[in-house]
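Good morning, and thank you for coming. Please look at the model on the screen while I speak about its strands and about the contact between its chains.

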Amino acid sequence: MNLTHWSKQSLSLLKSVWPQLVGLGVFLVLWQFGAMHYGMVVLPSPLETWAAIGRIATTGQLGDALLTTGFHIFAAFTLAVLLGILLGIVAGIQSGFQKAISPIISALQGIPPIAWIVLALLWFGSGSGTPIFTITVTTLPIVFLGTLESIRTFPTPLLEMARLFRTPPNLLLTDLYFPHLLSQLFPSLVAGLGLAWRVAVMAELLSSEVGIGAELNLARINLDTDEVMAWIVIVVISIWVSEYLLLRPLRHLLEPWRSLPTLTDNNQHTPSVF
Amino acid sequence: MLVLDRIYFQYGHNLILDGISLTLAPGQILCLTGPSGCGKTTLIRIAAGLIQPSAGMFNNKFASIAYVFQEPRLLPWQTTQENLTFGLKAKGISKQERMRSSKQLAQQLGLEQVLHYYPHQLSGGMQQRVALGRALAIQPDLLLLDEPFNGLDVGRRREFQAMLLKLLSDRHLAACLVSHDLAEAVRLGDRIIVMSPSPSRIVHRWQSQLPPSARDEAYIYREVSQLLALPDVSRCFGLKNISSQSNFMRF
C-alpha cells in the first residue's frame, strides 16, 4: 500500500515535469549536433563538458571557486537586501525621501555593471572588494524598488481594520507590514539573486584571481573550451540550486500559509503558489 | 448610548447624508436599510469614528465599539486562532489569555476544527465567522456590522443570522447593522431606519412588536409587505409601478 502510494506520487511528479524534461532533452540533442559539427575546440559536447566538470571537481578547484563566489554573493546580496529594505521602507513612508532618492536609484539602475567593475577595480583592486561592491550596487535597486512597491500596495482595508482595534505601531510593523513585505518581496529577491550570480562571475572574471569568474578566465586563456563550458554549466546549476534549494525553502519556512491547500481542494494536488 | 443628531456628510460636491438623526440604546439592534449607494455605509463609518461628519453632533457613550466589515479582512498570514485574537493582541493581552479566549470563541462560533487553518483555506462563511469572532473577542458593548452576510448563500446566511442573534442576546450587546435587504432587517432589527437615495434622509422608522426569537416567517413577510406598501419606502427602493405591482400580487 505504501509502495503504491509512493509510485503514484512519483508518477504524478513525472506527469508534472515531463514538459521540462522534453525541453531539456531537445536542448541537449541540439547541443550534441552542434558539437559534432563544429568540433571540440569550438563547442565541446555535453559528455565532454560533463567530464570536464568531473575533472574540476576532483582537483578541488570547484569547491574553492564555489566557496569564494558563494561568499561574494552572500556578503553582497545580504548587504543589498538589508540596505534596500531599509531605504525602501523609509522611502515608502516618507514621500519626500522617496522623491529625493528616486533619481539616484534610477541612475544606479542605468549604469551598466561593467562600468561599476571598472570603477571598483580602481577603488578596491583585485581582491574580494570589487565583486562584493559591484554585486551590491547592481542588486540594491531591485530590492529597493520591490520594497517600495510592497509598501505602496499595502492593502488599506487591513490597515483600516487594524486602526479600529487601535493597533499599536510595533504590532502594525510585526503583524501587518512585515509579513506583507515578505510576501511581496520574494519575486524581487529571486530576480536579484539571479543578477547577483551573473554580475559576480563577470566581476571575478575581470578583476579577481579567485572564484568561478577567475577560473572561467583561466580556462579561456588556456583554450580549454570544455572547461569554459563546464564553468558555465556550474553557474547555471548554482543559480537553480540557490533559488530552488535555498530561497524557496526559506520562503516556505517563513511563510507557511502560502503553500497550504484549501479545504475545498480535498485530494487535488494543486501546484503551490510560488 | 449612541446619539447622532442632524448628521451631514459631503463628499466633494455631493451631499451624501442630509441631516440624519438617530439614537441607539444598550442592548438594542438597529438596522439601517435603504437602496444600494444611499450612504448607509457612510453613516455606520461615521458611527465607528472612521470618518468625520461634515456637520452635526455625534455622541458616543459606548465604551468599546467593534466593527465587522463587508469582507472578512482577515490577515492572510495568520491562523484562525491568531486572527480571532488580533484585537486582544492589540490591547496587549497576554498570549495565555488570548489562547483561552480563542478556544472559547471558536466553540461559540463552530470554529474548533479550523483553529490552525489559514484564511485562504476557509470558505467565505467560515472567514466571516472568524471576522465576527475577532470583533466579539474584545468584548465590545456596541457591534457595528456592514452587510456582513454579503456573498453568503441563503443557508449560510440564515445560519450566520441565527448565530449573530444568539451571541448578541447572550452578551446583551447593542448592534447597528447595515443591510439593503428589508426581510433581513425585519428578521434581525428591533428598530429599522429606512434611508432614501443620496442625499440621504430618513424616510421611515419602524419598530418591532416582537423579540427576534418570536418572529416567524409569516410575521416577517407581513411586515415587509406592509413596509413596501408605504409610498415613501417603495419610492426610495425605486419600486415605481407600485400600484400595478400590488394589483398583480392581488391576482
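Of the 6 residues of strand S4 (residues 55–60) of chain B, 0 are buried, so this strand lies largely in the open. Buried means that 20 or more other C-beta atoms, placed from the backbone, lie within 10 Å of the residue's own. Strands are DSSP runs of E with at least two residues, helices are runs of H or I with at least four, and both are numbered from the N terminus.

This is a predicted model, in which local features need pLDDT of at least 70, side-chain atom pairs count only at pLDDT 80 or more, and totals for chains, interfaces and linings use all residues. Residues are numbered from 1 along each chain as its sequence is written, while chains are lettered from A and ligands numbered from 1 in the order in which they are written.

Which strand is joined to S4(B)? Strand S1 (residues 2–11) of chain B runs antiparallel to S4(B), with 5 bridges between them; two strands pair if DSSP finds at least two bridges. B:Tyr8 stands opposite B:Ala55 in S4(B).

Chain B also has an open sheet of 6 strands, in the order S5-S6-S7-S3-S8-S9, with mixed pairing. Strands S5 (65–68) and S9 (202–207) of chain B stand at the edges with a single partner strand each, so one side of each has no neighbour in the sheet. Within chain B, strands S6 (residues 142–146) and S7 (residues 174–178) pair in the parallel sense over 5 bridges, and B:Leu144 has B:Cys176 in S7(B) as its bridge partner.

Finally, 18 residues of chain B are in contact (C-beta atoms, placed from the backbone, within 7 Å) with 19 residues of chain A.

Notes. Contact = placed C-beta atoms within 7 Å. Buried ≥ 20, exposed ≤ 12 C-beta atoms within 10 Å, placed from the backbone.
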